[in-house]
Amino acid sequence: MSRIYLPSNASAARLREAEHARRNRAEIVRELSWGRVTRRDLIKMGLFTAAGLLAPIGGLNPFVKSVYGQAPTGLPPTPLFGCEAFSQPMPRFDVLPRRKVTYAPDGVTITGPLNPTPTAAANETMRRVPAVLGGGYGPIEGRPPGPIWAHQRFTKYLPQIAVEVWQRQAATNDTYDAQVDPMLNSGMTKGMTLPLRFHTGMPTQQPNSVWTFNGTIPPKLLLARYGEPVLFRHHNDLSPDVRQNNGFGKHTISTHEHNGHHGAENDGFTGAYFFPGQFYDYHWPIVLGGCSSMNKDATESKASSPTDDGTLVNVPGDWHETMSTHWFHDHMFAYTSQNVYKGNAAMFNIYSGLDRGNEAHDDRVNLCLPSGTAKSWGNLDYDVNLMLADKACDAEGQLAFDIFDFDGFIGDMMTVNLAFKPYFEVEARKYRFRILNASVSRFFKIALVDASGRAREIVQIANDGNLLPYSVPLMELDEMGIAERYDVVVDFSQFHVNDRVYFVNLADHFDPESRELNGKKPVRDLSVAEALAGTSLDPCVGSFLEFIVVREPAVEDQSQVPRELIPNPDLKDIPVARERVFEFGRGAKGIEDDPWGIKTDKGDMLQAAFNRVSAAPRLGTREIWTLRNGGGGWDHPIHIHFEEGQILERDGSLANVPAWERGRKDVYRLRPSGTVKITMQFRDWGGMFMEHCHNTVHEDHSMLLRWEIDDGGAPFLRPLPSPKPTPQGVTFEPTVDILPTAL
């Protein structure tokens, strides 16, 4: 939905007309989400155009000329119920409990704490399936059965930590735990009651308006460390009735750990979804890239993990591949945008010898980044996760999703950690912020601005979860595509107590020529003065997070921001086995009427099909992939699962790659008509993975492909059979659609 919202001072008649059209459209969204109509049906009915746009029908499309003969009617703005910006505290993430996995005396048989105990292959114990899902019996675990989808090297990387979550309807949080002192959380206390609402003055969300991990806010945070495998059990506790969704969202889910280095059975493959009443056990071994081929004897101290007693334990693999900031989210085929927008998103901090999470522990390995000192590792005091996302609500204040333009969905209410424009109290010292763009289609461009409107320095230390080779001082960050993560350090010691400082969004999606909000890309990047002027018609431009300097540091700031961080792996002596070209654009061929697609190696522009293999790199090799934007009217943030890449060229030259993109990445903004050339290795694990645009509307319609590593020996086959999930069990079909250049 790349359209413009009506201003809050629009006439009552225009607001009523727009709300009437929105409600009518919401009925179509509901029928689509229930599976009772298809997009092809809507085209035949004359409700959609072939390009996926809502047909110009009065009372349905608000962008036909108003009956009052003035201008396009527009969408009704999100009601704020009198709530003002910066009038509520920003909740820090709710940290998920970590439970130690216990074993029998043989050291292999798991005895707890999860019930049933995890197994290498999917648990096929039968349960009764509700009639609304077809009745009969089906397995309690939704993971595809058999050896191909069994956890790879499960006994070598036996889980040590269990984390259990439930995908649930909106509920009140009465177990909130940010694992920091309330004075470091703007006064918010452990166990305080938090109804699910975007502001304390806004309505509580109805149970089926929002679906989050455990059904509560704020978003959840998982803490892990290298060498400590995690068993993440995800229960689907949503209603078995697909109609219980308040008009959007699908009750089948698949959890993608973005961008975990593990087997594909744990990656959240888009076609390996599971149903209400089932769980899925994800085994995340938390290993370094190259763990099976480099530093196998674990003799390198920088390839290490922090222990509880303050020492290090070495781990195999390449320390240059150390990662820090991940997130996980739904990846349900054709419904990723709706489910992530509805709340299926969380963050994941990974700790290492290099990035220990204890700023005072100087052992000549730890980089001593801002964090805290109370614990041996994983201190969150001055290490803060920020999830940015634009939202929209209906007239009753309930979360709304209105997608009749396949260009993208743009909301008009800015949230941080699912709170509308909050404030955050800070001390006059250095803080690390792990920033995630969790929007559907919106890009951000962030500047730090003082009360006088002057931009102040930010130091970027990481991009997409990877610490950069060198820290980069900036006066404003680059555009941030969907799913990109920027880790930055802000030094608040340059301000005085009681000063107020702001994160400001400079990326403007409003197109003055079409009078629309553009869901395909930002239309322009504003100056700080322009963004603060309040003249942009993009509701999410301007200040969105207020920092209040409330005191001098409670304890001495011992953190550092080294110039040198983590060098890239040196790949110059590793031969390039293959080069491939992927072009992302419109005009795709397929059985649906989706506009987006991907062209592989000069072949046809194809729509998504998760039973088609577009590339099959060989295990243990290095390749070069060129990612090309097929048009100038849009930008695509392209995500490649499983392996991190290095950018070799942007638009034909390394000189076009800025310093903040010269580390390893997993999301690559192509820019309009742009080209990015990257190199990756394919190591350690096998299975089927994905590559797609992370504007999730583009992904769902249908800019996504499957690639796989399938030549690593038994149990893998070439090509891998494609799963077909049902509540009664997962079957497989042969994969016969293999592109000519795939193998």
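This is a predicted model: local features need pLDDT of at least 70, side-chain atom pairs count only at pLDDT 80 or more; totals for chains, interfaces and linings use all residues.
The model holds 40 aromatic pairs. In one of them, the ring centres of Phe86 and Tyr502 are 5.5 Å apart, and the planes meet at 55 degrees, so the pair is tilted.

## Other aromatic contacts

Tyr282 and Trp284 make another tilted pair, with ring centres 6.2 Å apart and planes at 35 degrees. Tyr282 is buried at a relative accessible area of 0%, and Trp284 is also buried, with 0% relative accessibility.

One aromatic cluster is formed by Tyr382, Phe424, Tyr431, Phe433, Phe492, Phe495, Phe503, Phe544 and Phe547.

Charged side chains also meet aromatic rings. Arg153 places its charged end over the ring of Trp685, 4.1 Å from the ring centre. Over the face of Tyr341 lies Lys391, at 4.5 Å from the centre of the ring.

## Nonpolar cores

The largest nonpolar core has 103 residues. The members that touch the most others are Phe232, Leu386, Phe433, Phe503 and Phe547. Phe433, Phe503 and Phe547 are also part of the aromatic cluster. Strand β16 (residues 345-351) supplies the largest share of the core, six residues. A separate core of 31 residues includes Tyr157, Trp596, Ala615 and Met680.

Which residues does Phe232 touch, leaving aside those up to four places away in sequence? Its contacts are Leu96, Val163, Val165, Phe213, Leu222, Thr255, Tyr280, Asp281, Tyr282, Trp284 and Phe328. Both rings of the tilted pair Tyr282 and Trp284 are therefore among the residues in contact with Phe232.

## The five-stranded sheet

An open sheet of five strands runs in the order β1-β9-β16-β15-β11, and its pairing is mixed. At the edges are β1 and β11 (255-258); each has a single partner strand, so one side of each has no neighbour in the sheet.

Strand β16 pairs with β15 (residues 325-330) in the antiparallel sense, over five bridges. Within this pairing, Phe328 is opposite Ala346 of β16. Phe328 is also one of the contacts of Phe232.

## The six-stranded sheet

A second open sheet has six strands in the order β41-β38-β43-β44-β36-β47, again with mixed pairing. Here β41 (667-669) and β47 (737-738) are the edge strands, and each has a single partner, so one side of each lacks a neighbour in the sheet.

Do β36 and β44 run parallel or antiparallel? Strand β36 (residues 612-615) and strand β44 (residues 704-709) are parallel and are joined by two bridges. Ala615 has Trp707 in β44 as its bridge partner. Ala615 is also a member of the core of 31 residues.

Strands β45 (residues 722-726) and β46 (residues 729-733) run antiparallel, and five bridges join them.

Strands of a sheet pair through backbone hydrogen bonds, in either the parallel or the antiparallel sense. In a regular strand, side chains alternate between the two faces of the sheet.

Terms used. Residues are numbered from 1 along each chain as its sequence is written. Side-chain values use heavy atoms; hydrogens and water are left out. A nonpolar core is a set of buried Ala, Val, Leu, Ile, Met, Phe, Trp, Tyr and Cys residues joined through side-chain atoms within 4.5 Å. Buried means under 20% relative accessible area, exposed over 50%, partly exposed in between (1.4 Å probe, protein chains only). Helices (H or I, at least four residues) and strands (E, at least two) are DSSP runs, numbered from the N terminus. Contact means heavy atoms within 4.5 Å. Rings of Phe, Tyr and Trp (its six-membered ring) pair if their centres lie within 6.5 Å; planes under 30 degrees apart count as stacked, over 60 as edge-to-face and the rest as tilted. A charge sits over a ring if NZ of Lys or CZ of Arg is within 6 Å of the ring centre and within 35 degrees of the ring normal. Two strands pair if DSSP finds at least two bridges between them.
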